[in-house]
Amino acid sequence: MPTQRYSVTQVPIRNLFAWIDSGEIAIPEIQRPFVWDAVKVRKMLDSLFMGYPVGYIIAWRNPNVKLKDGTTSSGKRIIIDGQQRITALMAAILGFEVVNKDYKRVRIKIAFHPIKQQFEVSNPAIEKDVSWLPDIADVFDSKTSLFNLVTDYCQKNPGATNDEIFSSIESLRGIVNNQIGLIDLDSELDIETVTEIFIRVNSAGVPLSQADFAMSKIAVNEIYGGNMLRKAIDYFCHLAIAPEFFQELKNDEEFADSEFMHQMSWLRRENDDLYDPSYTDMLRVAFTSEFRRGRLEDLVALLSGRNFETRQYEEAIVEDSFNRLKKGIIQFMNETHFQRFIMIIRSAGFVNASMIRSQNSLNFAYILYLTLRDQGFPNADIERYVRRWFVMSMLTSRYSSSPESTFDQDIRQIHELGIEQYADILIRGQLSDAFWNSVLPQALNTSVASSPYFRLFEAAQVKMIDTGFLSRDITAKDLIDVQSDVHHIFPRNYLKKNGMSRAQYNQIANYAVAQSEINIAIGSKEPKIYFSQLLDQCQGGPKLYGNITDLDSLKDNFRANCIPNGMEEMTFDDYSSFLSERRVLMAQKIRKYFEDL
């Protein structure tokens, strides 16, 4: 039977607060957005007051680290599950401010009704109601006189007795003596085991990740500026989405004076949403580009001081790892790097965030950009390699499963073989003639509108400066930018009337980017009808669809949009053969696009 590698104890909440105050337990989440709403905090306090269990906290003491002088330092306990629960208690009982989802510091005030013995989220009406104590943090304040509090309450509420109110408030204050379960993981557990435990734990129903663990490890390290580094990561990600947050950010005076503030200040005027990274994305890119590794569990190990050869923990490795991670984060934030990278992705035809269906493809493309720049490659070569790698990874769904393992493999091979040789091996192996002629046309046989293959087709149209379906002057890029209609070449209602299911009429090989007015004009007409009218339009007939009025321009538009020949003869019976033929044409267009990148 396996040896139990943890202990379970019941700890009074009062003791937990004392440990946090002394630094015995590190609570990294106090500086991050608090995701619980106030109602959930109120329910937790109510459970404590009623004597109900409120769950467990899981802690792990960092491994003992060998210091530079040869002595050993015992690590702090780090909370790996239960941060939100502890933050809720500290906010409501001790009056701590929390950072909300908008990164603003706020108080969560929970009110208590001593007569009814009820809790409620404080609000203006409660604050005016003398029967409520509007903020229980005042009750727990060591400066508050219980005698004066009870006397004052009874004077304002004539029906209440001193004994009744005293007893009720004493019960409230007594919840800090209630116990909460503490699971202490064995400090001798190796980092891989603790990482596995961390990932398996659920907090409020949300699975924790290796990035969460790494962020906790970063925040609790005070010696090498971990808390400031963690703030930098969080703040950058929020600023990328909400540039107006910059004004709020200046209120954090300590951070405003840091070098990170200077590095990210350019985001206050940036509104491009093509790449809005999460903290997981930032960690992946910074870690993989700087450490040449792809697994975030390795980052956790290195931040703990793990020597992979001796399997010991050393302070020198902790220091070096924090310095290198900081360097990687600063490189990620650099305005020139970030904007040039976005420019490269846009130059591949991806002009809208909706076109990018793989965040990890974007992440690794940025890793490749930073790596090649560090290796001194000319800018023109960097652009070409990054463009081609990004599109290749989208085409092959390279990072859709086991992304960390693939990141690890790719970054190692790029450093060992060089980008020229490794990219050539991958592209020749994965994008062979068989891929273009068989695999890709089959992959285009899907009704998933968000398919990366249709997005790649759109990117090809943008790159080739194609006009929209039946448009003379308006480009596919213009239409994608304003999110215009995706037209069904065989109209949807026409196919529905003929008994086609959603999966059949929504085939992406039946899609074309078109102006709304052209889409409306076509309506549910049979292709045979409206394509014949188009031919007539180009021979002096009435102008019904767009502004194309000559046959050569119409044929060019058909080629640009991969429209098969003979559409003026096609009816419902030709739909299947139309799809097959158009998939081949779309695959050929994507191939030409890729080869020209």
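Leaving aside its neighbours within four places in sequence, which residues is T467 in contact with? The legends below take up this residue and two other sites in a predicted model.

View 1. Apart from neighbours within four places in sequence, the residues in contact with T467 are Q461, R472, D473, I474, T475, A476, N557 and N561. One of these, N557, also takes part in a polar contact, in which its side chain and the side chain of T467 are 3.1 Å apart.

**View 2. Helix 18, residues 359-374, and the glycine that comes after it.** From its first C-alpha to its last, this helix of 16 residues reaches 23 Å, which is close to the 22 Å expected at 1.5 Å a residue. Because 13 of the 16 residues of helix 18 are buried, the helix is largely enclosed by the rest of the structure. Helix 18 is followed by G376, a residue whose phi is positive, near 85°.

**View 3. The hairpin formed by strand 9 and strand 10.** Strand 9 (residues 110-113) and strand 10 (residues 118-121) run antiparallel and are joined by four bridges, and among the bridged residues H113 has Q118, in strand 10, as its partner. Four residues lie between the two strands of this hairpin, and in the turn Q117 has a positive phi of about 55°.

Notes:
Residues are numbered from 1 along each chain as its sequence is written. This is a predicted model: local features need pLDDT of at least 70, side-chain atom pairs count only at pLDDT 80 or more; totals for chains, interfaces and linings use all residues. Side-chain values use heavy atoms; hydrogens and water are left out. The expected span of a helix is 1.5 Å times one less than its number of residues. Buried means under 20% relative accessible area, exposed over 50%, partly exposed in between (1.4 Å probe, protein chains only). A polar contact is a pair of N or O atoms within 3.5 Å; within protein, one must be able to donate a hydrogen and the other to accept it, and residues adjacent in sequence count only if both atoms are side-chain atoms. Contact means heavy atoms within 4.5 Å. Two strands pair if DSSP finds at least two bridges between them.
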